[in-house]
Amino acid sequence: QVQLVESGGGLVHAGGSTTLSCTTSRSLFSIRAMAWYRQAPGRQRELVANISSGGTTTYADSVKGRFTLSREVMKNTVHLEMNSLKLEDTAVYYCNAVGTYLQREYSNWGQGTQVTVSP
């Protein structure tokens, strides 16, 4: 199991930028993958981006070229840099960690952080 603490988000104007951070209670190398998901009102939670323990990143088509997922391994932290924000990026963003601990699979979530993009 791993605890996740998110920070960042808030109100941003369309076209602007913001960065979300997620700090874990364990080394990023011990976690199989970290990801950011988002959930807009009335919609299902969707994957935004993820990064493997080896550093490989993938992105949803809707954010490619605008969002960048990176990590600071010494701080056990991943960052989601969000640029050229659009109204449709408004959502609650959740950090997620998946892996194996004591031979059991886990999928842990952060508390969520609101990102609101205004016109």
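The accessible surface of this protein comes to about 6,300 Å², and 51% of that area belongs to carbon and sulfur atoms; such areas come from the Shrake-Rupley method with a 1.4 Å probe, and for residues only the protein chains shown count as cover. Before we go further, please keep in mind that this is a predicted model, in which local features need pLDDT of at least 70 and side-chain atom pairs count only at pLDDT 80 or more, while totals for chains, interfaces and linings use all residues. Residues are numbered from 1 along each chain as its sequence is written, and side-chain values use heavy atoms, with hydrogens and water left out.

Let us start with the overall build. The protein has zero helices and 11 strands; here helices (H or I, at least four residues) and strands (E, at least two) are DSSP runs, numbered from the N terminus. The C-alpha trace spans about 45 × 30 × 25 Å along its principal axes. A compact globule of 119 residues would have a radius of gyration near 14 Å, and the protein agrees because its own value is 14 Å. That radius is taken over C-alpha atoms, and the globule rule is 2.2 Å times the number of residues to the power 0.38.

Now look inside. Of the 119 residues, 40% count as buried, where buried means under 20% relative accessible area, exposed means over 50%, and partly exposed lies in between (1.4 Å probe, protein chains only). In soluble globular proteins, nonpolar side chains tend to be buried together. The largest nonpolar core here has 27 residues, and those with the most contacts inside it are Met-34, Trp-36, Leu-80 and Tyr-93. The elements that give two or more residues to this core are β3 (18–24), β4 (33–39), β5 (46–52), β7 (67–72), β8 (77–82), β9 (91–101) and β11 (113–118). The largest share, four residues, comes from β9. A nonpolar core is a set of buried Ala, Val, Leu, Ile, Met, Phe, Trp, Tyr and Cys residues joined through side-chain atoms within 4.5 Å.

Next, visit the loop between β8 and β9, starting with Asn-83. Asn-83 counts as partly exposed because its relative accessibility is 22%. With a relative accessible area of 42%, Ser-84 is partly exposed. Asp-89, also in the loop between β8 and β9, counts as buried because its relative accessibility is 0%. Not counting residues up to four places away in sequence, Asp-89 touches Arg-38, Arg-66, Phe-67, Ser-84, Val-115 and Val-117.

Finally, move to the loop between β9 and β10, where Gln-103 lies. Gln-103 has a phi near 65°, again a positive value in a residue other than glycine, and is exposed, with a relative accessible area of 80%. Arg-104 has its place in strand β10 (residues 104–109) and is exposed at 65%. The C-alpha atoms of Arg-104 and Met-34 are separated by 17 Å.

Technical notes: Contact means heavy atoms within 4.5 Å.
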